[in-house]
Amino acid sequence: LANMSHELRTPLNHIIGFTELVTDEHFGELNPQQKEYLEDSLGSSHHLLSLINDILDLSKVEAGKMELQTEQIELPGLINNSIIMIKEKALKEQITVKTDLNGLPSTVYADRRKLKQVMYNLLSNAVKFTPEKGTIEIAGSLHIVKGQFIRTADGREIPISTNNGKNGSKGHNFAQITIKDSGIGLKPDNLERIFGSFDQVETSKSRQYQGTGLGLALTKKMVELHGGAIWAESKGEDQGATFTLNIPVTDRV
């Protein structure tokens, strides 16, 4: 799969590169219809490249081949940098982005690239499924868990890995990050299903949104690889959704 992924990405990167050169009118002016068609082609190429990269990452996790390169990370800074990546789209859709990271632990031991990918996946989803003039709220806090489960606001028990814990009976310290949106929401039956591989929730409202069905599956596996947990909560369709992410604070993975 890794070899095939390479064989697919190489020509696809050529397609993207040459299409960008023509779209940017380096070789002459385009008429509006030509520009529109080329931009559609470019968007589809980027979408296909994203799918190939997600498949490769997911296959590595499932084969036990993905390793973490952990380091001490300044967490509020990483989150703020991730927000910058979705800021342009949020401004375009007049979506208000609010943050409250004052209660968040300042540092965690984690894989910087993978944690950034997790945050980007969650934030880009929030923007994608939030209507124009909606809101997204990002909050952080220190969460202490005793035992092997985290109890959610709606009464579910989410298992966590405690193998790396060093806090013993005092509990396990987690950096808890919540991303709440005012988007299309989720039915109760879909709160677990959305984290399945290639499993997109099909509703009358979600069909209009393009996606691979891999983003949240990969996000969940990367979080669990860190010894953390992630879950979704929603009061139903049209009532927004909240994604809660927990990452161990002091443990080296």
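## Burial and geometry of α4

In this predicted model, the buried residues of α4 are Lys 114, Leu 115, Gln 117, Val 118, Met 119, Asn 121, Leu 122, Leu 123, Asn 125, Ala 126 and Val 127. The helix covers residues 112–128, and its 17 residues reach 24 Å from the first C-alpha to the last, close to the 24 Å expected at 1.5 Å a residue. At the start of α4, the backbone nitrogen of Arg 113 has a side-chain oxygen of Asp 111 within 3.2 Å.

## Packing of α4 against α6

Two packed helices are described by the angle between their axes and the distance between the axes. For α4 and α6 (residues 215–225), the angle is about 145° and the axes lie 10 Å apart, with a crossing that is left-handed.

On the α4 side, the contact is formed by Lys 114, Gln 117, Val 118, Asn 121, Leu 122 and Asn 125, which meet Gly 215, Leu 216, Leu 218, Thr 219, Met 222 and Val 223 of α6. By residue class, this contact divides into six nonpolar, five polar and one charged. An α-helix has 3.6 residues a turn, so residues three or four places apart point the same way. Lys 114, Gln 117, Val 118, Asn 121, Leu 122 and Asn 125, the residues by which α4 meets α6, are also listed among the buried residues of α4.

## Packing of α2 against α6

Helix α2 (residues 32–62) also packs with α6, here at an angle of about 35° and with the axes 10 Å apart, and this crossing, too, is left-handed. Asp 54, Asp 57, Leu 58, Val 61 and Glu 62 in α2 are in contact with Gly 215, Ala 217, Leu 218, Lys 221 and Met 222 in α6; the residues of this contact comprise five nonpolar, one polar and four charged.

## Surroundings of α6

Within α6, the buried residues are Leu 216, Ala 217, Leu 218, Thr 219, Met 222 and Val 223, and they pack against α2 and α4 as well as against the strands β8 (229–233) and β9 (241–248). After α6 comes Gly 227, with a positive phi near 85°.

## The protein as a whole

The protein contains six helices and nine strands, and buried residues account for 42% of its 253 residues. Of the contacts between residues at least 6 apart in sequence, 77% join residues at least 24 apart.

Note on methods. Residues numbered from 1 in each chain as written. Predicted model: local features only at pLDDT ≥ 70, side-chain atom pairs only at ≥ 80, totals over all residues. Heavy atoms only, no water. Axes fitted to C-alpha atoms, helices over the stretch in contact; angles between N-to-C directions. Helix = DSSP H or I, 4+ residues; strand = E, 2+ residues; numbered from the N terminus. Left-handed = near helix turned anticlockwise from the far one by under 90°. Contact = heavy atoms within 4.5 Å. Nonpolar A, V, L, I, M, F, W, Y, C, P; charged D, E, K, R; others polar. Expected span 1.5 Å × (residues − 1). Buried < 20%, exposed > 50% of the residue type's maximum accessible area, 1.4 Å probe, protein only. Polar contact = N/O pair within 3.5 Å; in protein donor to acceptor, adjacent residues only side chain to side chain.
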